[in-house]
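Dear colleague,

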Amino acid sequence: MDDLENIDKVYNRVSDLILSAQSYLTKTINTSMVVLYWHIGKTIQENEIKNNRAEYGKETVRKLAENLQREYGKGYSYSNLTRMITLYNNFPEESILNTVLTKLSWSHLIEIIKQKEELKREFYITMCINEGWSVRELS
């Protein structure tokens with residue numbers, strides 16, 4: 001075996017390792033984001049229930065978004081925080097979060113929570129997980 005063939009084999013093995021690690025990291029980061037966003041939605045929702053005033057709740061979320069954006073960036077905008085609340089409201093059971101929702105990306109979940117009917121949400125979740133539907137197919 002000449003050096004060129006050996007280099008190609010090593011390159012292919014190393015390339016496979018890199019791609020595998022990248023895929024693992026992407027899935028791990030996505031899972032962490034979904035879990036974090038669900039918990040943020042839960043925390044905000046529980047605070048709104050305690051105060052039991054819709055207008056107060058909206059204003060609280062707006063101010064919270066401003067503070068979070070200053071500290072952590074645009075991912076914590078008012079619209080994103082309301083999506084997190086909607087995610088929690090649509091899927092309040094933590095067991096669903098751990099068994100189903102972490103298999104989907106945040107982008108998938110944004111599209112799914114737009115559905116008002118639970119049956120439609122369940123259908124789209126099933127299709128995304130079992131059939132590998134992309135976000136574009138959901139839109």
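In this predicted model, the chain carries 18 positive and 19 negative side chains, and the centres of the two sets lie 8 Å apart; Lys and Arg count as positive and Asp and Glu as negative, with His and the chain ends not counted, and each charge is placed at NZ of Lys, CZ of Arg, CG of Asp or CD of Glu. Local features need pLDDT of at least 70 and side-chain atom pairs count only at pLDDT 80 or more, whereas totals for chains, interfaces and linings use all residues. Side-chain values use heavy atoms, leaving out hydrogens and water, and residues are numbered from 1 along each chain as its sequence is written.

The chain has seven helices and zero strands, where helices (H or I, at least four residues) and strands (E, at least two) are DSSP runs numbered from the N terminus. With a radius of gyration of 20 Å, well over the 14 Å that the globule rule gives for 139 residues, the chain is more spread out than a compact globule; the radius is taken over C-alpha atoms, and the rule is 2.2 Å times the number of residues to the power 0.38.

Of the 139 residues, 27% count as buried, meaning under 20% relative accessible area with a 1.4 Å probe, protein chains only.

Best regards

Definitions and conventions: Buried means under 20% relative accessible area, exposed over 50%, partly exposed in between (1.4 Å probe, protein chains only).
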